Amino acid sequence: MERLICIAIGYICGLFQTAYILGKVYHTDIRKQGSGNLGSTNVMRTLGKKAGALNLLCDCLKCIIAITVVRMIFRADYADILPLLSLYAAAGCILGHNFPFYLNFKGGKGVAASVGLVIAFDWRIFVICAIVFFGLFFLTHYVSLCSISAYFAALVSMIIFGQMGSYHMAYSYMTLFTVLAFYRHKNNIQRLLNGTENKIYLGKSKNK
């Protein structure tokens with residue numbers, strides 16, 4: 001029962017669709033702009049870098065909030081499996097973000113929410129993922145490639161730390177998150193293979 005509660009808490013937090021709300025503020029339906037995805041990259045392309053940064057921050061925070069709430073509720077009685085329950089909360093948040101029921105189950109891709117997961121779960125993994133993401137970004141400027149690579153780096157890091165005894169078997173659930181992330185990026189992966197994926201620049205350069 002406690003696992004279902006964690007998933008429910010996470011899903012409720014994930015339903016806060018920052019991109020959709022920001023679109024309303026700017027009198028724009030993000031779902032009809034750019035890629036149509038309710039994620040930070042599409043928000044940045046459509047509404048600008050400040051809106052994109054705000055969207056990223058809020059999507060990270062909602063996963064952190066979900067994990068924090070779960071830890072507060074279950075810390076006393078379930079301390080031994082708290083990392084696992086945290087992942088259930090994160091899973092619910094990512095599902096709520098990716099598949100919001102009130103938007104016909106069409107949300108984002110879960111990357112920003114997953115950043116929140118990594119921040120709340122283990123700062124060491126966050127540092128590793130940040131190095132992978134920004135290292136690739138400044139080399140390629142493909143946000144999608146950076147995202148899935150950082151996700152894979154998080155999985156590998158969690159497995160390594162898990163084998164060292166940090167998380168017991170909790171890291172096995174990260175495999176499911178990674179598979180979902182790759183699935184949600186399937187169109188981006190196809191465009192990367194075809195050489196038609198758009199690039200993102202932080203300076204004044206235009207997207208390609």
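Tutor: A salt bridge here is a side-chain nitrogen of Lys or Arg within 4 Å of a carboxyl oxygen of Asp or Glu. The model is a predicted one. By that cut-off, a search of the whole structure finds four salt bridges. Among them are the pairs formed by Arg31, Lys62 and Arg191, taken in turn below.

Start with the pair inside a helix. Lys62 bridges to Asp59, and their closest N and O atoms are 3.3 Å apart. Both residues belong to helix 4, which covers residues 49–74, and they sit three residues apart, about one turn of the helix. Are these two partners buried or exposed? Lys62 has a relative accessible area of 5%, and because buried means under 20%, Lys62 is buried. Asp59, at 1% relative accessibility, counts as buried too.

Next comes the pair of Arg191 and Glu197, whose closest N and O atoms lie 2.7 Å apart. Here the two partners fall into separate classes of cover. Glu197 is buried, with a relative accessible area of 8%. Arg191 has a relative accessibility of 32%, so it counts as partly exposed, the class between 20% and 50%.

The pair of Arg31 and Asp29 has its closest N and O atoms 3.0 Å apart. Arg31 is partly exposed, with a relative accessible area of 32%.

In general, side chains of opposite charge can pair when their charged atoms come close.

Now set these pairs against the whole chain.

As for overall dimensions, the C-alpha trace spans about 50 × 35 × 25 Å along its principal axes. A compact globule of 208 residues would have a radius of gyration near 17 Å, and the chain has 17 Å, so the two agree. Among contacts with a separation of 6 or more, 64% come from residues 24 or more positions apart.

Definitions and conventions:
Residues are numbered from 1 along each chain as its sequence is written. This is a predicted model: local features need pLDDT of at least 70, side-chain atom pairs count only at pLDDT 80 or more; totals for chains, interfaces and linings use all residues. Side-chain values use heavy atoms; hydrogens and water are left out. Buried means under 20% relative accessible area, exposed over 50%, partly exposed in between (1.4 Å probe, protein chains only). Helices (H or I, at least four residues) and strands (E, at least two) are DSSP runs, numbered from the N terminus. The radius of gyration is taken over C-alpha atoms; the globule rule is 2.2 Å times the number of residues to the power 0.38. Contact means heavy atoms within 4.5 Å.
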